[in-house]
Amino acid sequence: MGIKSFQGARKQQINASESTQLKVSDYMSTSLITFKPEQSVEEVIESLIRNKISGGPVVNDKNELVGIISEGDCLKQISDSRYYNMPMAQDNVEKRMIRDVETIDGNMNVFDAANKFLNSKRRRFPIVENGKLVGQISQKDILKAAMQLKGHNWK
């Protein structure tokens with residue numbers, strides 16, 4: 001006589017992506033520390049240190065995204081000011097920021113956003129709607145989304 005295994009009635013498996021649509025807009029930060037193009041790099045450095053962030057979006061008076069400034073951009077300014085013996089107060093954000101900013105759609109699935117992070121080597125992506133900055137998603141936000149999903153659907 002063979003051995004029979006009985007596991008009981010199996011619950012119908014629900015695909016995680018069907019049961020929960022995890023959108024970037026659900027996990028993005030909306031309370032952002034932003035910078036202005038005319039601000040000094042020294043002010044940005046102080047703000048980065050004080051707020052424990054690694055960079056932030058640069059917006060104009062209409063809250064339109066015009067660039068991103070990061071710790072690396074600030075380090076370049078420090079290095080150049082030491083090399084050329086120039087005061088740091090002379091440079092502003094507009095001269096140091098990255099102008100060609102890649103953004104993410106707020107309706108994008110967080111797993112697609114994770115792949116975009118992996119392929120681009122960026123730490124954050126701004127989210128723009130109707131030309132205005134509405135939020136930002138970071139790698140940490142994607143990790144939080146994945147852990148929330150794990151708590152509900154993964155074993």
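Q: Which element gives the most to the lining of the largest pocket?
A: Helix 7 does, with four residues in that lining. Please note that the structure shown here is a predicted model.

Q: And how much space lies in that largest pocket?
A: The space in the largest pocket is about 450 Å³.

Q: Which residues are the closest to its centre?
A: They are Ile 53, Ser 54, Arg 124, Gln 136 and Ser 138, out of 18 residues that line the largest pocket.

Q: Which elements give two or more residues to the lining?
A: Strand 1 (55-59), strand 4 (132-138) and helix 7 (139-153) each give two or more residues to the lining of the largest pocket.

Q: What does the lining of the largest pocket look like by class?
A: The lining of the largest pocket has eight polar, six charged and four nonpolar residues.

Q: Moving on, what volume has the second largest pocket?
A: The second largest pocket has a volume of about 340 Å³.

Q: How many residues line the second largest pocket, and which lie nearest its centre?
A: There are 17 lining residues in the second largest pocket, and Ile 68, Ser 70, Ile 98, Arg 122 and Arg 124 lie nearest its centre. Two or more residues of that lining come from each of strand 2 (65-70), helix 4 (71-83) and strand 3 (124-129).

Q: Where does the largest share of that lining come from?
A: The largest share comes from helix 4, which supplies four residues to the lining of the second largest pocket.

Q: New topic. How many salt bridges does a search of the whole structure find?
A: The search finds four salt bridges.

Q: What does Lys 36 form a salt bridge with?
A: The partner of Lys 36 is Asp 61, and their closest N and O atoms are 3.9 Å apart. The two residues sit in distant parts of the chain, 25 residues apart: Lys 36 is in the loop between helix 2 (24-27) and helix 3 (41-51), while Asp 61 is in the loop between strand 1 and strand 2.

Q: Is Asp 61 buried or exposed?
A: Asp 61 counts as exposed, because its relative accessibility is 72% and exposed means over 50%. Lys 36 is partly exposed, with a relative accessible area of 27%.

Q: Which side chain does Arg 123 meet in a salt bridge?
A: Arg 123 meets Glu 71, at 3.9 Å from N to O. This pair also links distant parts of the chain, as Arg 123 lies in the loop between helix 6 (110-120) and strand 3, and Glu 71 lies in helix 4, 52 residues apart. Glu 71 is partly exposed at 36% relative accessibility.

Q: What about Lys 116: which side chain does it meet in a salt bridge?
A: The side chain of Lys 116 meets that of Glu 102, with an N to O distance of 3.8 Å.

Q: Which residues are linked with Lys 116 in a network of salt bridges?
A: Glu 102 and Arg 122 are linked with Lys 116 in that network.

Q: Back to Ser 54. Where does it lie?
A: Ser 54 lies in the loop between helix 3 and strand 1.

Q: Why does Ser 54 count as buried?
A: Ser 54 is buried because its relative accessible area is 15%, and buried means under 20%.

Q: Which side chain does a polar contact join to Ser 54?
A: The side chain of Arg 124 is joined to Ser 54 by a polar contact of 2.3 Å. Leaving aside neighbours within four places in sequence, Ser 54 is in contact with Leu 48, Ser 70, Glu 71, Arg 123 and Arg 124.

Q: One more residue, then. Where is Ala 145 found?
A: Ala 145 is found in helix 7. Ala 145 counts as buried, at 0% relative accessibility.

Q: What is Ala 145 in contact with, leaving aside its neighbours within four places in sequence?
A: Ala 145 is in contact with Leu 22, Tyr 27 and Val 110.

Q: How far apart are Ala 145 and Lys 23?
A: Ala 145 and Lys 23 are 122 residues apart in sequence, and their C-alpha atoms are 9.2 Å apart in space.

Q: Finally, how many helices and strands has the chain?
A: The chain has seven helices and four strands.

How values were computed:
Residues are numbered from 1 along each chain as its sequence is written. This is a predicted model: local features need pLDDT of at least 70, side-chain atom pairs count only at pLDDT 80 or more; totals for chains, interfaces and linings use all residues. Side-chain values use heavy atoms; hydrogens and water are left out. On a 1 Å grid over the protein atoms alone, a cavity is a set of points where a 1.4 Å probe fits but cannot get out, and a pocket is an open set with protein on both sides within 12 Å along at least five of seven lines; lining residues have an atom within 4 Å of a point. Grid points are joined across faces, edges and corners, and a volume is the space filled by probe spheres set on the points. Ala, Val, Leu, Ile, Met, Phe, Trp, Tyr, Cys and Pro count as nonpolar, Asp, Glu, Lys and Arg as charged, and the others, Gly among them, as polar. Buried means under 20% relative accessible area, exposed over 50%, partly exposed in between (1.4 Å probe, protein chains only). A polar contact is a pair of N or O atoms within 3.5 Å; within protein, one must be able to donate a hydrogen and the other to accept it, and residues adjacent in sequence count only if both atoms are side-chain atoms. Contact means heavy atoms within 4.5 Å.
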